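Me: I have a structure open and would like to talk it through with you. Can we start with the charged pairs and then move on to the rest?

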Amino acid sequence: MQHNVTSVDFSMDTVPLRQSSTVSIGRIKPELYKQKSVDSEDEAKEPVETCGKLSFSLRYDHEEQALVVRILKALDLPAKDFTGTSDPYVKIYLLPDRKKKFQTRVHRKNLNPMFDETFSFPVTYDELCTRKLHFSVYDFDRFTSHDMIGEVVVDNLFELSDLSREAVVWKDIHAATTESVDLGEIMYSLCYLPTAGRMTLTVIKCRNLKAMDITGSSDPYVKVYLICDGRRLKKRKTTTKKSTLNPVYNEAIIFDIPPENVEQVSLSIMVMDYDRVGHNEVIGVCRTGPDAQGLGRDHWNEMLAYPRKPITHWHALGEWPGRAASFESQGSCPSPKPPQTP
């Protein structure tokens, strides 16, 4: 299948970063998109905010050479939805390996979910002293990146016992911070040519990507979906950059979008980690379009306001909603409705 991704010589001199920043003043609020580097160091010294409790059990299976983790339940989770509730689920990693992960089922409209699900991480007993167990509690959202409620990190797996028998643990869930949800950032430009009905998304580079391999690196590439009414119309992707968390691409991805359809579509941008043996993993995602939120929507509107001009921004990556929230069908964007005669 031909993906129609063209690689261009896109040097930074040709990307009007300063112009983009100038024209966006008054339309986009820069203070909403501050980087971590401007945060005060004093903030890290404040007491950690908690948002409920998580109960789980740990046991080591010597016969299978695996750490058996049973997620039992959560209590007093905060309401993340405007309806006054949440749709929680839990992701679990045995760090530093982020390729092997498990995820519980989503519990709809429940602030005290009973999970009772068991997962097994293959690991030798001697390795356990160098590994950390990481639980991330999320609020499921069907159409956007999921909100991270909080996390639990078990630095010492032998904290309560030698794991020869099942040990039940209760831990406070620490509220999500910028650090805990930081998956990295992606810089891309958007340019729309109304007369040609052509949109160009140029993937420029990424920085500070989350390491997905146990070696502390990743093999990232970028995949872009053209979405219309929840359906994936087209897919394009960049080349893969080996063993880097700060890849540079400078690759243009082109979609044909008639002017009458430009308000009906959006772009889903996924940064992936290539795995030659197993499944490719999602590092993080972002979205741009009229139905996106925050900078994703502002970037799209700025592109339309200044046609024929590349508009460039950094975007923070968010958690991938997961298989349950993937776009399920494919098709074509509906034709614009003919004007009604009075």
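Me: Is Glu127 buried, exposed or partly exposed?
Reply: In this predicted model, Glu127 is partly exposed, because its relative accessible area is 33%.

Me: And which residue does Glu127 form a salt bridge with?
Reply: The partner is Arg131, and the closest N and O atoms of the two are 3.5 Å apart. Arg131 is buried, with a relative accessible area of 8%.

Me: How many salt bridges turn up in the whole structure?
Reply: A search of the whole structure gives 10 salt bridges. One of them joins the side chains of Glu159 and Lys171, at 3.1 Å from N to O. That pair links distant parts of the chain, since Glu159 sits in the loop between strand E8 (147–154) and E9 while Lys171 belongs to strand E9, 12 residues apart. Glu159 is partly exposed, with a relative accessible area of 44%.

Me: What about Glu117, which residue does its side chain meet in a salt bridge?
Reply: Glu117 meets Arg105, with an N to O distance of 3.8 Å. Glu117 lies in strand E6 (residues 114–122) and Arg105 in the loop between strand E5 (97–103) and E6, so the pair ties together parts that are 12 residues apart in sequence.

Me: Buried or exposed, for Glu117 and for Arg105?
Reply: Glu117 is buried at 10% relative accessible area, whereas Arg105 is exposed at 52%.

Me: Changing topic, which residues make up the nonpolar patch on the surface?
Reply: The patch consists of Leu75, Val168 and Trp170, which together have about 260 Å² of accessible area. Val168 has its place in strand E9 (residues 167–175), and it counts as partly exposed because its relative accessibility is 49%.

Me: What is the strand order in the open sheet of four strands?
Reply: The order is E13-E12-E15-E16, with antiparallel pairing. Strand E13 (231–237) and strand E16 (281–288) are the edges, and each has a single partner strand, so one side of each is left without a neighbour in the sheet. From one strand to the next, the twist averages 25 degrees.

Me: How many bridges are there between E12 and E13, and how many between E15 and E16?
Reply: Strand E12 (residues 220–228) pairs with E13 over six bridges, and Cys228 stands opposite Arg231 in E13. E15 and E16 pair over seven bridges, where Cys286 in E16 is the bridge partner of Ile269.

Me: Why is E16 largely enclosed by the rest of the structure?
Reply: Seven of its eight residues are buried, so E16 is largely enclosed.

Me: One more spot, where is Ser86 found, and is it buried or exposed?
Reply: Ser86 is in the loop between strand E3 (66–75) and strand E4 (88–95), and it is buried, with a relative accessible area of 0%. Leaving aside neighbours within four places in sequence, its contacts include Pro78, Asp81, His107, Leu111 and Asp139.

Me: And for the overall picture, how many helices and strands are there, and what share of the residues is buried?
Reply: The protein chain has two helices and 17 strands, and 46% of its 342 residues count as buried. The chain exposes about 18,100 Å², of which carbon and sulfur atoms supply 48%.

Definitions and conventions. Residues numbered from 1 in each chain as written. Predicted model: local features only at pLDDT ≥ 70, side-chain atom pairs only at ≥ 80, totals over all residues. Heavy atoms only, no water. Buried < 20%, exposed > 50% of the residue type's maximum accessible area, 1.4 Å probe, protein only. Areas by Shrake-Rupley, 256 points an atom, 1.4 Å probe, with all protein chains shown as cover. Patch = residues over 30% accessible without salt bridge, like charges linked within 9 Å, V, L, I, M, F, W, Y side chains within 5 Å. Salt bridge = Lys/Arg side-chain N within 4 Å of Asp/Glu carboxyl O. Pairing = 2+ DSSP bridges. Axes fitted to C-alpha atoms, helices over the stretch in contact; angles between N-to-C directions. Contact = heavy atoms within 4.5 Å.
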